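Good morning, and thank you for making time for this presentation. I would ask you to keep the sequence and the structure in view while I speak.

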Amino acid sequence: FSFFSERVERNIVSTASLARGLFPLGTGMEGFAPERPNIVPIATTQDGADVIMNCPRDGPCQRALSRDKKAWVSANEVQVYERHKELFRVVSEACGYPLE
């Protein structure tokens, strides 16, 4: 078995957790290590190379992603800040940096 994960750390960690759940310690080959781990490779790609799994960021959809992000921010930014004003204040105070 092997897995493919988008190269973002959170996705690689999630993939590793899934692999550990599917192939727990004690189920691997005998003689390799006393705990008998299953070594499951997780393949990723380099920045700019993943045009299938990560098409919006690296592939031909980059312009569409940029356009869609700008449209979403334009339509929603004011409401998000207004709705979560208190949370932004608390986090800004804790970090010592204004988030607004």
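Let me begin with a term: a residue is called buried under 20% relative accessible area, exposed over 50%, and partly exposed in between. By that rule D68, with a relative accessible area of 45%, is partly exposed.

The mean pLDDT of the chain is 85, and 86% of its residues reach 70 or more. Among the elements, α4 has the highest mean pLDDT, at 93, whereas helix α2, residues 55-58, has the lowest, at 66. Where pLDDT is low, the predicted coordinates should not be read in detail.

Now to the overall architecture. The chain contains 4 helices and 2 strands, and from the N terminus on these elements run β-α-β-α-α-α. Of its 100 residues, 17% count as buried. The accessible surface of the chain comes to about 8000 Å², and carbon and sulfur atoms account for 59% of that surface. As for contacts between residues at least 6 apart in sequence, 38% of them join residues at least 24 apart.

One backbone detail deserves attention. R36 is not a glycine, yet it has a positive phi of about 50 degrees. R36 is located in the loop between α1 (9-22) and β2 (42-43). With a relative accessibility of 27%, R36 counts as partly exposed.

I turn next to the charged side chains. How many salt bridges does a search of the whole structure find? The search finds 4. In one of them, R67 meets D68, with 3.6 Å from N to O. R67 is exposed, because its relative accessible area is 54%, while D68, as I said, is partly exposed at 45%.

A further salt bridge brings together the side chains of K85 and E82, at 3.5 Å from N to O. K85 has a relative accessibility of 43% and therefore counts as partly exposed.

Another salt bridge links E86 with R89, where the N to O distance is 2.6 Å. How are these two residues placed in the helix? E86 and R89 are 3 residues apart in helix α4, so about one helical turn separates them. Salt bridges that share partners join E86, R89 and E93 into one network.

Let me move to the aromatic residues. A search of the whole structure finds 1 aromatic pair. This pair is formed by Y81 and F88, whose rings are tilted, with 4.6 Å centre to centre and 40 degrees between the planes. F88, at 19%, counts as buried.

Finally, the surface. L87, V91, Y97 and L99 form a nonpolar patch there, with about 370 Å² of accessible area together. Y97 is found in the segment after α4 (85-95). At 57% relative accessibility, Y97 counts as exposed.

Thank you for your attention.

Methods: Residues numbered from 1 in each chain as written. Predicted model: local features only at pLDDT ≥ 70, side-chain atom pairs only at ≥ 80, totals over all residues. Heavy atoms only, no water. Patch = residues over 30% accessible without salt bridge, like charges linked within 9 Å, V, L, I, M, F, W, Y side chains within 5 Å. Areas by Shrake-Rupley, 256 points an atom, 1.4 Å probe, with all protein chains shown as cover. Buried < 20%, exposed > 50% of the residue type's maximum accessible area, 1.4 Å probe, protein only. Phe/Tyr/Trp six-rings, centres within 6.5 Å; stacked < 30°, edge-to-face > 60°. Contact = heavy atoms within 4.5 Å. pLDDT = per-residue confidence, 0-100.
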